[in-house]
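Me: I have a model open and would like to go through it with you piece by piece. Could you take my questions as they come?

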Amino acid sequence: MSLGKLLERIIQLIPVLLGVSLIVFVMMALTPGDPVQIMVGEQSITPEQEAELRRNLGLDRPMVERFFIFLAHAVQFDFGNSFYHGRPVADVIAERLPATIELSLVALIVALATAIPLGVVAAIRKNSVLDRMATVGSLLGVSLPGFWFGILLIMLFAVHMQVLPVSGRIGYDNEVAAVTGFLLIDTLLAGDIGAFGDALRHLLLPAITLGLPMTAILMRVTRSSMLEVMRQDYVTFAEAKGLPRRRVLYRHALKNALIPTVSVAAIETGSLLGGNMIVETVFGWPGLGRLVVESIFLRNYPLIQAAVLLYAVTYVLLNFLADILYTVLNPRVKL
Amino acid sequence: MTVLLEVTSLRTEFATRAGLVRAVDGVSLQVRRGECLGVVGESGSGKSVTFASVMGLVRSPGKVVAGTIFFDGRDLRQLSPEEMRAIRGRDIAMTMQDALTALNPALSVGEQMAEVMVAHDETLPAGRAARRAAIRERSVEMLGLVGIPSPDTRLRQYPHEFSGGMRQRIMIAIALTCRPKLLITDEPTTALDVTIQAQVLELISDIRARLGMAVVLITHDLGVVAEHCDRVMVMYAGQVVEEGPTSAVIGQPRHPYTRGLLASIPRPALRGHRIEPIMGQVPDLVGLPPQCRFHSRCPLARPECLVEVPMLPAGPGRQARCLRLEEPA
């Protein structure tokens, strides 16, 4: 892992971010709807007041000029004020980010914790009932739309069985002081086990919904790479050495089989970002995804721009992380 | 010399889409303590599957369906998977053709050596540190034995950091860690270049003499057999066709197939002499009739040969599966 390689990645990031900014900018300009009209709503204001508002928001200038103003500020990490909140976009995003990161991480853990064991068992018992069920299940997992699956889960566990909450991050009576913004950590810091359990119960359904497509993909990757690895000579040789079956499977086969799984997981984590918008909306999750959806409805241009750039950076960094993990797991490859 | 391994009427079949393939069909053989048995035959003759059957390592859809495999007085086919596992790597060890693919790329050489001792060696000390030190000492000793320079620093390295010849030596060192009574070595030199081939074979012979273990050398190279083996067994299409002391079999082959094999070896001493390939192909092993399998390629074939041919005595300590042994080639 060299410094030059890191620098190369950062330089690669520049055209990506420029392109993403331009595309988002053009798309917002092409989308019908006027932020000023939406802000004003039913209130009656004079044309002078409207022009003033428009000037304050910087919307009185031509498209091209606005784009370059945005770029000039963005390189200084200034993304302007949110039209709706009247506060810096960066602050608004920073408030919502922990909820999204917490949800994504739990979704990732749920996905890894189910996909890897299922994939391994499906490979070891190839063509068994369990293998077939896992294969059908993974097909469903990739194909089911997240909003529909989420609603089904809500209907079953929250409405019908009433064992899990419908929406939100935590019950009103369990709120704790925000330290890190991650409720699972904050509740523990407050020493409130009841609140921790409540936060966990709120996380469960959205995390499962968000992690489902990823679970399905990772299970299939693990199964097929495990099958591939078990045909290798080194597995036969490990058996010929008289090693216990557990060691042959987990130390010799799985260690190699996980190389593609981990790479795909890192890349797929980027796709959780898109899923977040849907899942957060369905589960009333106060995270970045829902904020972006709301901002699109409000034509809150500065916030959309900044959030999309954040997504792009995250995606590129996750890909980079995938490369690093690949070399860590695979001693033959030097980055 | 007493018998260490005695296989009788072994049959291993593979259920394939095309039908039942009898990869090993009624193979009987003996390996005596400390001797070196060469097993020769073309690809697909069943030589590797025979010894995978002995080790209990036949992969699905393959299955050992008949026969007995007595090793050191026990029938390996009657053992539980756990009992068989205890024998593998400790009493019977195996090396594979290509060490590059046989060594795990993701584990260090040291770990791949240590795990054999952990699996089999009950004499290791109990304490964690003492255990680790003992394993390390033994690993260094084994790598030294097979001629790896500065073994103590190389234990931490991964297989890809070694040359092809070195990897082969490491694989041999791993196989020999528990001082097995029998080493099955499958094409130990095929993946190596010629100069290294000789070194590796010398190494195996040398260690065999020192440890007094028996060696089964699976190869398609009769030259290697002539140099290193006490006895040789020739296989064709899943059956043993000729068997006996190496010098006798190579000096005076009785089975037409063995003769064909010898005639198809290029010999620098006989420059200008044409190599004579064996005409035709190995028969398809699906649904073979119980007749002489070499019949379709045999220069001596007669209509009478279309019967099931048993192994017949062919001289002192020798047998061959041919009805026309009496006639000269």
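Me: Where is B:Ala102 found?

Reply: B:Ala102 is found in helix α3 of chain B, residues 99-102, where helices (H or I, at least four residues) and strands (E, at least two) are DSSP runs numbered from the N terminus. Please keep in mind that this is a predicted model, in which local features need pLDDT of at least 70 and side-chain atom pairs count only at pLDDT 80 or more, while totals for chains, interfaces and linings use all residues. Residues are numbered from 1 along each chain as its sequence is written, chains are lettered from A and ligands numbered from 1 in the order in which they are written, and side-chain values use heavy atoms, with hydrogens and water left out.

Me: OK, is B:Ala102 buried or exposed?

Reply: B:Ala102 counts as buried, at 1% relative accessibility; buried means under 20% relative accessible area, exposed over 50%, and partly exposed in between, with a 1.4 Å probe and protein chains only.

Me: And which residues does B:Ala102 touch?

Reply: Not counting residues up to four places away in sequence, B:Ala102 touches A:Asp233, A:Tyr234 and A:Phe237 from chain A, together with B:Met96 and B:Met171 from chain B. Contact here means heavy atoms within 4.5 Å.

Me: What about chain A overall, how many helices and strands?

Reply: Chain A has 13 helices and zero strands, and its C-alpha atoms fill a box of roughly 85 × 55 × 40 Å, taken along the principal axes. Of its 335 residues, 42% count as buried, and among contacts with a separation of 6 or more, residues 24 or more positions apart account for 72%.

Me: Let's look at α4 in chain A. Which of its residues are buried?

Reply: In α4(A), the buried residues are A:Arg66, A:Phe67, A:Phe70 and A:Ala74. Seen down the axis of α4(A), these buried residues fall within an arc of 100°, so they line one face of the helix, the arc being that of the directions from the helix axis to the C-beta atoms.

Me: Since α1 came up, what can you say about A:Met28?

Reply: A:Met28 lies in helix α1 of chain A and is buried, with a relative accessible area of 10%. Leaving aside neighbours within four places in sequence, A:Met28 is in contact with A:Tyr301, A:Ile304 and A:Gln305. A:Met28 and A:Ile296 are 268 residues apart in sequence and 8.8 Å apart in space, C-alpha to C-alpha.

Me: Now the backbone: which bond joins B:Ser60 and B:Pro61?

Reply: A cis peptide bond joins B:Ser60 and B:Pro61, with omega at about 10°, and B:Pro61 is found in the loop between α1 (47-55) and β4 (62-71) of chain B.

Me: What is the phi of A:Arg299?

Reply: A:Arg299 has a positive phi of about 50° although it is not a glycine. This residue is in the loop between α12 (288-297) and α13 of chain A, and counts as buried at 17% relative accessibility. As background, most residues other than glycine have a negative phi, and most peptide bonds are trans.

Me: And B:Ser150, where does that lie?

Reply: B:Ser150 lies in the loop between α5 (128-145) and α6 (151-154) of chain B; B:Ser150 has a positive phi of about 35° although it is not a glycine, and counts as partly exposed at 43% relative accessibility.
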